[in-house]
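Here is a short note for a colleague opening this model for the first time. Please keep the structure in view while reading.

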Amino acid sequence: MNEEQRLNKTPDGSEVKTEEKDYSQYFNRVYQPPSLKDAKRRGKEEVEYHDDFQIDERFREMGNGRKFHIQTYGCQMNEHDTEVMAGIFMALGYTFTPDRTKADVILLNTCAIRENAEDKVFGELGHLKSLKRERPDLLIGVCGCMSQEESVVNEILSRQPHVDMIFGTHNIHRLPNILHEAYMSKEMVVEVWSKEGDIIENLPKQRLGHIKAWVNIMYGCDKFCTYCIVPYTRGKERSRRPEDIIQEVRELAAQGYKEITLLGQNVNAYGKDLEDLDYTLGDLMDDLRKIDIPRIRFTTSHPRDFDDRLIEVLAKGGNLVDHIHLPVQSGSSAILKMMSRKYTREQFLELVAKIKKAIPNVTLTTDIIVGFPNETDEQFEETMTLFEEVGFDTAYTYIYSPREGTPAAKMQDNVSMEVKKERLQRLNKLVNETSAKAMAQYEGQTVKVLVEGESKKDPEVLSGYTEKNKLVNFRAPKEVIGEIVEVKVTDAKTWSLDGEYIGLVKQKETV
Ligand code: SAH
Ligand code: SF4
Ligand code: F3S
């Protein structure tokens with residue numbers, strides 16, 4: 001469609017005379033601004049459950065001869081959302097291109113967790129300006145968590161006119177309509193629902209891997225940790241029905257997938273919102289472990305809801321891996337209180353003791369924030385000692401980043417950035433040393449590796465991950481890609497292990 005045709009069509013495709021088109025009205029129709037306040041209101045309205053998603057007849061040919069490219073930032077949720085959007089694009093007839101200069105539609109699936117995540121996206125939008133100038137027919141879209149923020153939408157509306165579409169995390173299933181409107185309209189199409197929190201079951205998915213797969217078990221977060229933007233960008237907690245999850249995992253097992261990661265921002269809250277069922281994450285894991293798939297993980301756990309039932313089920317082992325990512329955020333009870341994490345240092349240590357007693361071989365990893373407003377030297381030291389006391393293998397560490405609209409962003413902060421950076425450096429030194437020590441223990445041991453493919457650095461070398469998520473590099477025939485093999489570790493580095501291939505692991509009997 002050329003520019004003239006675009007101008008002369010309304011979103012539903014009917015012809016209009018240009019002079020009769022009322023742009024202000026039209027803009028009202030397509031522009032739904034996000035609101036952090038609305039996002040915070042957890043209404044009593046029912047979560048709607050849909051399993052009737054269909055590609056509208058009139059959109060079926062939309063992608064014929066067109067290519068799409070999606071650039072993904074942020075966490076596994078976003079990576080999985082990208083797989084869903086890729087599925088929708090392909091159902092519309094588009095093909096994927098890894099080369100964005102060849103794409104007809106480029107989406108940036110964004111993350112809002114810290115300021116630097118947002119800076120990267122704005123940087124990228126700057127680069128895309130020239131591409132759009134060269135190819136005015138190119139459609140550029142911003143989706144994901146940043147598009148749930150009013151300030152971001154306003155910034156794009158006022159300063160990034162080369163963006164054609166902004167849509168939110170609850171609007172993914174509307175992608176065909178949004179694309180259609182973007183092709184028809186000269187205005188930026190903005191569709192972001194703040195309070196929505198539905199479950200849409202049968203969206204198409206184009207999974208990026210054949211060996212490992214993500215499976216959402218729940219969406220949203222109601223924890224409202226005071227520093228965190230996620231409850232505002234992802235809506236309220238809502239669990240998928242167990243039968244839908246079990247069915248999806250069964251299908252993935254039948255397709256030959258070897259590892260499943262169950263996804264949720266706070267997976268331990270799974271099931272709480274299922275009013276007609278008394279069913280928790282422990283129950284779900286107990287049902288899933290009976291499926292013939294070698295490895296099942298979940299992320300992310302909140303310490304607060306990590307209950308005895310879950311520990312008891314995880315202790316049964318089998319395909320439930322003995323690695324738990326358990327973000328602690330801080331070792332100081334006073335800071336944890338300010339963060340509204342709803343547990344103390346002591347309670348966290350009790351939980352760890354319980355987990356270790358039930359699963360003696362368990363590996364724990366964590367997330368830590370340094371430099372929360374007014375964190376004292378002593379409080380930071382408590383984080384350092386907690387990290388050692390728990391015996392975490394490793395940690396993702398971050399400097400606190402104020403997020404507009406969150407309670408912590410309003411707190412006065414007396415800690416300078418210089419001090420925060422020093423603290424991060426000290427913590428990272430400890431984390432690196434600990435990680436190196438944890439890796440050194442593997443020297444001489446035989447580990448089971450799910451082989452994912454050629455190593456990034458050397459195509460002659462294969463690489464994969466152990467049950468405890470350690471990266472292993474070794475030489476072996478390419479046929480073992482996708483299999484679980486035994487490797488004897490010869491050399492441990494800080495972040496990976498080198499080893500010698502022994503042979504295939506025989507498939508375990510299902511439990
Ligand atoms: N749902 C997960 C975490 C998701 S965000 C959980 O509750 O554990 C991943 C990590 O980013 C968090 O664990 C936290 O360590 C970090 N994070 C979140 N908000 C942040 C902020 N405002 N500044 C710095 N780090 C932050
Ligand atoms: Fe954010 Fe806390 Fe929810 Fe995790 S549990 S997503 S840190 S609010
Ligand atoms: Fe980022 Fe959204 Fe995930 S803010 S960390 S992409 S839930």
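The points below cover the domains, the ligand shells and the annotated cysteines.

1. Ground rules. This is a predicted model, in which local features need pLDDT of at least 70 and side-chain atom pairs count only at pLDDT 80 or more, while totals for chains, interfaces and linings use all residues. Residues are numbered from 1 along each chain as its sequence is written, and chains are lettered from A and ligands numbered from 1 in the order in which they are written.

2. Domains. The protein chain is assigned domain 1 (3–191), domain 2 (209–321) and domain 3 (446–504). These bounds come from an automatic or database domain assignment. The centres of domain 2 and domain 3, taken over C-alpha atoms, are 27 Å apart. Seven residues of domain 2 contact five residues of domain 3. Contact means that the C-beta atoms of two residues, placed from the backbone, lie within 7 Å. On the domain 2 side, the touching residues are three nonpolar, one polar and three charged. Here Ala, Val, Leu, Ile, Met, Phe, Trp, Tyr, Cys and Pro count as nonpolar, Asp, Glu, Lys and Arg as charged, and the others, Gly among them, as polar.

3. Ligand 3. Where does ligand 3 lie? Ligand 3 lies between domain 1 and domain 2, because both give residues to its shell. There are 13 residues around it, and Gly74, Cys75, Cys111, Ile113 and Cys145 come nearest. A residue belongs to such a shell if its C-beta atom, placed from the backbone, lies within 6 Å of the molecule. By class, the shell has eight nonpolar, four polar and one charged.

4. Helices at ligand 3. Both α4 (76–91) and α8 (230–234) supply at least two residues of this shell. The largest share, three residues, is from α8. Helices (H or I, at least four residues) and strands (E, at least two) are DSSP runs, numbered from the N terminus.

5. An unreviewed UniProt entry annotates Cys75, Cys111 and Cys145 as "binding site". They spread over 71 residues of sequence but cluster in space, with a largest C-alpha distance of 10.4 Å. UniProt positions are given in the numbering used here, feature names are shortened, and annotations may be inferred rather than shown by experiment.

6. Cys75 and Cys111. Cys75 sits in the loop between β3 (67–72) and α4. Cys75 has 17 C-beta neighbours inside 10 Å, so it counts as partly exposed. Cys111 is in the loop between β5 (105–110) and α5 (115–134). Cys111 has 23 such neighbours inside 10 Å, so it counts as buried. The cut-offs: buried if 20 or more other C-beta atoms lie within 10 Å of a residue's own, exposed if 12 or fewer, partly exposed in between, with C-beta atoms placed from the backbone. Beyond four places in sequence, the contacts of Cys111 include Cys75 and Cys145.

7. Ligand 2. Among the residues around ligand 2 are Cys221, Cys225, Cys228 and His302. The shell has six nonpolar, three polar and one charged residues. UniProt lists Cys221, Cys225 and Cys228 under "binding site", again in an unreviewed entry.

8. Cys221 and Cys225. Cys221 is in the loop between β11 (218–219) and α8. Cys225 also lies in the loop between β11 and α8. Cys221 is buried, because 22 C-beta neighbours lie inside 10 Å. Neighbours within four places aside, Cys225 is in contact with Met339, Ser340 and Arg341.
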